[in-house]
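Work through the exercises below with the sequence and the 3D structure at hand. Each task is followed by a stepwise solution.

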Amino acid sequence: MIYFIGAGPGAVDLITVRGAELLHKAGMIVYAGSLVNPELVKKYAAETCEIYDSAGMTLEEIMAKLIDGYTRNLLTVRLHSGDPALYGAIREQIDILRENNIPFEIVPGVSSLFAAAAALKTEYSHTLLISRVEGRTPLLHDKATVLFLSAGMIDKACNELINSGYTPETPAAIVYKASWPEEKIISGTLATLPELADGIHKTALILAGEFLDESISTKSKLYDKNFSHEFRNSNSSVHE
């Protein structure tokens, strides 16, 4: 099994219990050294664990390491900063694992999004926009929407998303009690989700956007072999 683990925002004690336990059991860890606090690996990894810093690696080199660990029956960890779901560049890695029928799991982490609010001693009490400035990696303009506290009004929620610009065919899902033993995932479209999700009215999130379509694949530039950055030079003419 290959585990994608969120390392948290930086403090070594802000990783999840599950993440820390898996790091301790791991036979191989490939971590994003440009972003992950190396003290996490020092603190939790076993002395016998094979540890690789991916800062200077390409996507192909990273995947070769992960697949090698898996084929040698090592508990293999890909350690990302924050939470892998937020700009984690995990989609292209997951696509390769799926193509090779290699099982994987994702262990969420504490995002710097929440660490920043904690540092400011505040809460995000209104609509929260998460984005980034477009650089050499193109910014995808499809919106990814997550609605809290709305499962009890799912008809209204889906209609409002359609009225805001989404098409009725936009992929959508409702996740009930995420990470609980009774977790339940229902997938559909904005047009079909209200009927499919009948009976779920609390402790659930509504998600919508093309990011839910597994047939659509986009690659970040971060681990592209033709993309140079401060930790790796490419063989192309593309440089920072």
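**Strand pairing exercises**

**Exercise 1.** Find the bridge partner of I5 in β5.

Solution. The model is a predicted one. Start with strand β1, residues 2-6, which runs parallel to β5 and is joined to β5 by 4 bridges. Then read across from I5: the bridge partner in β5 is V107.

**Exercise 2.** State the strand order of the open sheet of 5 strands, and say which strands are the edge strands.

Solution. Step one: the order is β3-β2-β4-β1-β5, and the pairing is parallel. Step two: look for strands that pair on one side only; these are β3 (50-53) and β5 (104-107).

**Exercise 3.** Which strands are joined to β7 by bridges, and do they run parallel or antiparallel to β7?

Solution. Step one: β8, residues 184-189, is joined to β7 by 6 bridges and runs antiparallel. Step two: β9, residues 204-208, is joined to β7 by 5 bridges, also antiparallel. Step three: follow I174 across to both strands. In β8, I174 stands opposite I186; in β9, the bridge partner of I174 is I206.

**Exercise 4.** Is strand β7 mostly covered or mostly exposed?

Solution. Step one: take residues 171-176, the extent of β7. Step two: apply the cut-off, under which a residue is buried if its relative accessible area is under 20%. Step three: 5 of the 6 residues of β7 are buried, so by this definition the strand is mostly covered.

How values were computed
Residues are numbered from 1 along each chain as its sequence is written. This is a predicted model: local features need pLDDT of at least 70, side-chain atom pairs count only at pLDDT 80 or more; totals for chains, interfaces and linings use all residues. Side-chain values use heavy atoms; hydrogens and water are left out. Two strands pair if DSSP finds at least two bridges between them. Helices (H or I, at least four residues) and strands (E, at least two) are DSSP runs, numbered from the N terminus. Buried means under 20% relative accessible area, exposed over 50%, partly exposed in between (1.4 Å probe, protein chains only).
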